[in-house]
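Subject: Structure for you to look at

Hello,

Here is the structure I said I would pass on. Please open it first and then read the notes below.

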Amino acid sequence: MPNDPTERRVVVTGVPRRTRRGPGHHRPRTEIDEQTTLGHTYVSSLMRSQLRAALAVFAVLVLLVAPLPLVFAAMPDGAGLEWAVLGFAIYPPLVLLAHWHVRRAERNEQDLVRLVEDR
C-alpha cells in the first residue's frame, strides 16, 4: 500500500491565509464574556484606571472647594463678592474638570476596546 501511486500525497506550500491558534486560546472579548480569570483581569484593570481618574478629580475638587469658607470669611461683609466667586470664579474650573474627567474615562474605555479587539 505505501508504494501505490494513486494514493500519492500532494504538498502545497504558500502563505497561510490565517493562522490557527491552539485549542486553549480564546479571544479577549470571549474571556470577558465568559468571566474567566483573564477577563476579570481586563475588567479590573479598567475599573482601576477609572478609579484613579475619579480620585484625581475628587482631589482637585476638594482643593478647589475646601478653601471657599476661608475665602468668604476673609471678604468684607455686604460686598456680594461671595456670589461673584460662586457664580464666576468656581464654575469654569468645575466645567473644565468635568470635561477632563469625561475625556479620561472615554479614553480608558477605548484603551480596553483596543486591547480586546481582534485585528
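Helices (H or I, at least four residues) and strands (E, at least two) are DSSP runs, numbered from the N terminus. The model is predicted, so local features need pLDDT of at least 70 and side-chain atom pairs count only at pLDDT 80 or more, while totals for chains, interfaces and linings use all residues. Residues are numbered from 1 along each chain as its sequence is written, and side-chain values use heavy atoms, with hydrogens and water left out.

The chain has 5 helices and 0 strands, in the order α-α-α-α-α. Of its 119 residues, 17% are buried (under 20% relative accessible area; exposed is over 50%, partly exposed in between, with a 1.4 Å probe and protein chains only).

Leu61 lies in helix H2 (residues 37-65). Leu61 is partly exposed, at a relative accessible area of 31%.

Helix H4 (residues 81-89) packs against helix H5 (residues 91-116) at an angle of about 25°, and their axes are 5 Å apart. H4 is therefore roughly parallel to H5 (angles under 35 degrees count as roughly parallel, over 145 as roughly antiparallel, 65 to 115 as roughly perpendicular and the rest as oblique). Axes are lines fitted to C-alpha atoms, for helices over the stretch in contact, and angles run from 0 to 180 degrees between N-to-C directions. Where do H4 and H5 meet? Leu86, Gly87, Phe88 and Ala89 in H4 meet Tyr91, Pro92 and Pro93 in H5, a contact being heavy atoms within 4.5 Å.

Regards
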